[in-house]
Amino acid sequence: MKHLLSLSRESLTKKASLLRLSAGVIAENLKSGGFKSLYRGNGVEFFGVREYLHGDDVRFIDWNVTARMGRPFVKVFNEEREMQIFLIVDRSASMFFGSNGKMKYKSAAEAAALLSIAAELNDSPVGAVFFDGKIHFASTPESGRRQTMKILSQLDEVGVEKNGSVLSNAITGAVKMLRGNTLVFVITDFRSANWEEPFKLLSQKNDVVALHITDPTEMEMPEIGSVPFADIETHERRILFTRNSAFKSAWKNDFKKRSAHISDFCLRHGASYVHISTQDDPAFVLSGFFAAKRRHEK
């Protein structure tokens, strides 16, 4: 059994405490990031009122309270108090590749851990599904420290990976599991087929953020001569000439083309796209994304 977030199970709580410090900033930016998941104006139970914020639906202004207080207030419904978060995390074989001592899965696991802790800090229910060639863990959104630690523990412990990637099945399962108005993070390298249609369906009723996890060598292959390569998913083997200029150009162009396809697809269907390299600090990237989202919504 591999441990990716900590050196042992005993140190997971200590690691979580360190992640919690970084997650605090993310939690604050997440709460004010302008996601539609925060604004559930058609809730079934009236909860109270709060001051009007830029972007609130004017249909929910409480005119009696507004007149009495001299500034606008809006009605708050029970569902509006919480933002439900869901994580779709790829742990297929291609995620266990990386350079300079850091695998893509470790970046993915750190991002998922930060988001889980941020959800807890905001009293938001969080759920998750982890997959490789099959679904290994699935949990409907729940609130509280116990749920956070359950997700962190599952992120940390990785057994023998099953070949293939069922990204499309994981997304389809999320579509069926979630009631909508959920902030969903799809954390993967997108080295899978047929994910687009389920992703589009997921984006229709939820806020979706694609966290595209990559390694620098996927764009710039080091010049190391003739090297035998094996596809980590299919085990197909081939000799590639890394010093060949045509090969290097094709390698880079393929990466750019795939990344552009993912980014453009997200844009067309109302989802956000965030790129995280194994050389990046996930906390820094996520904080920057939420801060930019908040500024854009002002």
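The crossing of α6 and α7 is right-handed in this predicted model. Here the touching residues are Glu196, Phe199 and Lys200 on the α6 side, and His261, Phe265 and Cys266 on the α7 side. Sort the residues of this contact and you get 3 nonpolar, 1 polar and 2 charged.

Now for the other pair. The crossing of α5 and α6 is left-handed. From α5, the contact uses Ser168, Ile171, Thr172, Ala174 and Val175, while α6 brings Pro198, Phe199, Leu201 and Leu202.

| Pair | Angle | Axis distance |
|---|---|---|
| α5 and α6 | about 25° | 8 Å |
| α6 and α7 | about 30° | 11 Å |

Angles under 35 degrees count as roughly parallel. So α5 and α6 are roughly parallel to each other, and therefore α6 and α7 are too.

What about α7 itself? It covers residues 245–268, and its 24 residues should span 34 Å at 1.5 Å a residue; the end C-alpha atoms are 34 Å apart, so the two values agree. Which residues of α7 are buried? They are Phe247, Phe255, Ser259, Ile262, Phe265 and Cys266. Just past the end of α7, Gly270 has a positive phi of about 75°.

How values were computed:
Residues are numbered from 1 along each chain as its sequence is written. This is a predicted model: local features need pLDDT of at least 70, side-chain atom pairs count only at pLDDT 80 or more; totals for chains, interfaces and linings use all residues. Side-chain values use heavy atoms; hydrogens and water are left out. Axes are lines fitted to C-alpha atoms, for helices over the stretch in contact, and angles run from 0 to 180 degrees between N-to-C directions. Helices (H or I, at least four residues) and strands (E, at least two) are DSSP runs, numbered from the N terminus. Angles under 35 degrees count as roughly parallel, over 145 as roughly antiparallel, 65 to 115 as roughly perpendicular and the rest as oblique. A crossing is left-handed if the near helix is turned anticlockwise from the far one by less than a right angle, and right-handed if clockwise. Contact means heavy atoms within 4.5 Å. The expected span of a helix is 1.5 Å times one less than its number of residues. Buried means under 20% relative accessible area, exposed over 50%, partly exposed in between (1.4 Å probe, protein chains only). Ala, Val, Leu, Ile, Met, Phe, Trp, Tyr, Cys and Pro count as nonpolar, Asp, Glu, Lys and Arg as charged, and the others, Gly among them, as polar.
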